[in-house]
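Please read the following report alongside the sequence and the coordinates.

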Amino acid sequence: MIIRKTPAELEKMRRSGLLVYQILEKLREMVVEGVSTLEMETVAEQMIADAGAKPAFKNYYVPAAGERYRFVLCTSINEEIVHGMPSAKRILKKGDIVSIDTGVQLDGYFGDSAVTVAVGEVNGQTKKLLDVTRESLELAIDKVRAGNRLFDICGSVEKHVVSNGFSIVREYVGHGIGTQLHEEPQIPNYVDRKNENPRLKEGMVLAIEPMVNAGKPESKVRSDKWTAVTKDGSYSAHFEHCVAVTSNGPWVLTRP
Ligand code: MF3
Ligand code: CO
């Protein structure tokens with residue numbers, strides 16, 4: 001069942017969404033050569049505490065990993081797709097891309113957003129990967145309207161990515177969000193006719209998160225049990241927003 005939120009609940013989700021936005025804006029500024037991903041983690045953890053919120057990812061149990069996640073951020077560099085773990089040993093260098101994903105729980109409601117940032121100048125293909133992934137999310141956001149269907153979202157991401165020569169990760173998907181970080185429905189970044197295709201209704205909140213590879217779609221998980229990487233070593237980008245269905249169209253909760 002897809003849980004629909006009341007206007008009062010959406011206002012609460014807006015507050016968690018804006019906190020996530022502020023954290024990602026701060027971290028985006030920190031992305032320079034020489035910074036470690038653990039330094040970013042420390043700043044994010046402090047901002048969450050200062051806001052009286054709780055991190056959504058830290059201590060979150062993920063069945064596929066068989067354990068709880070230990071950080072407030074996922075920081076995935078280059079060929080890492082998602083769930084890269086912050087570390088003092090992971091120092092950003094020019095030409096890298098880093099996906100920063102974080103979530104918070106504030107007043108009982110979750111917010112979740114991700115952005116991929118280039119460290120200095122990156123090559124043309126990598127710049128295009130970031131642009132196309134960001135654009136695919138924007139095209140999907142525009143489909144978040146009452147009366148549309150889930151496949152309108154999935155299909156708009158898929159079409160834009162594939163027509164630009166990139167590939168879509170199939171093992172990780174977006175999700176509904178509310179009083180739980182992960183609610184129904186699952187939101188793949190591709191149309192799979194075997195899935196249900198529910199109609200979108202006012203009050204639904206969707207965390208849409210295209211994960212796009214420059215090369216082939218296949219992924220694997222490193223021996224650390226968390227870090228998902230491309231099998232072919234190609235770079236991967238990830239952008240995410242939480243979007244509510246309202247009578248005025250899409251409301252992106254995770255940006256002003
Ligand atoms: N944005 C990702 C998701 O919604 C990040 C989850 S990290 C985890 O699944 F550790 F919490 F799993
Ligand atoms: Co998410």
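At what angle do helix 3 and helix 4 pack, and how far apart are their axes? In this predicted model, helix 3 (residues 124-141) packs against helix 4 (residues 150-163) at an angle of about 150 degrees, their axes being 8 Å apart. Because angles over 145 degrees count as roughly antiparallel, helix 3 is roughly antiparallel to helix 4. Their crossing is right-handed. Val-132, Glu-135, Ser-136, Leu-139 and Ala-140 are the residues of helix 3 that meet Ile-153, Ser-156, Val-157, His-160 and Val-161 of helix 4, and by class this contact has 6 nonpolar, 3 polar and 1 charged residues.

A second pair is formed by helix 1 and helix 2, which are roughly antiparallel to each other and whose crossing is right-handed. From helix 1, Leu-19, Gln-22, Ile-23, Lys-26, Leu-27 and Met-30 meet Glu-39, Met-40, Val-43, Ala-44, Met-47 and Ile-48 of helix 2; this contact has 9 nonpolar, 1 polar and 2 charged residues.

| Helix pair | Angle | Axes apart |
|---|---|---|
| Helix 1 (residues 7-30) and helix 2 (residues 37-50) | about 150 degrees | 10 Å |
| Helix 3 (residues 124-141) and helix 4 (residues 150-163) | about 150 degrees | 8 Å |

Distant parts of the chain are linked by the pair of His-175, in strand 9 (residues 174-176), and Glu-240, in the loop between strand 15 (236-238) and strand 16 (241-246), which are 65 residues apart.

How values were computed:
Residues numbered from 1 in each chain as written. Chains lettered and ligands numbered in written order. Predicted model: local features only at pLDDT ≥ 70, side-chain atom pairs only at ≥ 80, totals over all residues. Heavy atoms only, no water. Axes fitted to C-alpha atoms, helices over the stretch in contact; angles between N-to-C directions. Helix = DSSP H or I, 4+ residues; strand = E, 2+ residues; numbered from the N terminus. Parallel < 35°, antiparallel > 145°, perpendicular 65-115°, else oblique. Left-handed = near helix turned anticlockwise from the far one by under 90°. Contact = heavy atoms within 4.5 Å. Nonpolar A, V, L, I, M, F, W, Y, C, P; charged D, E, K, R; others polar.
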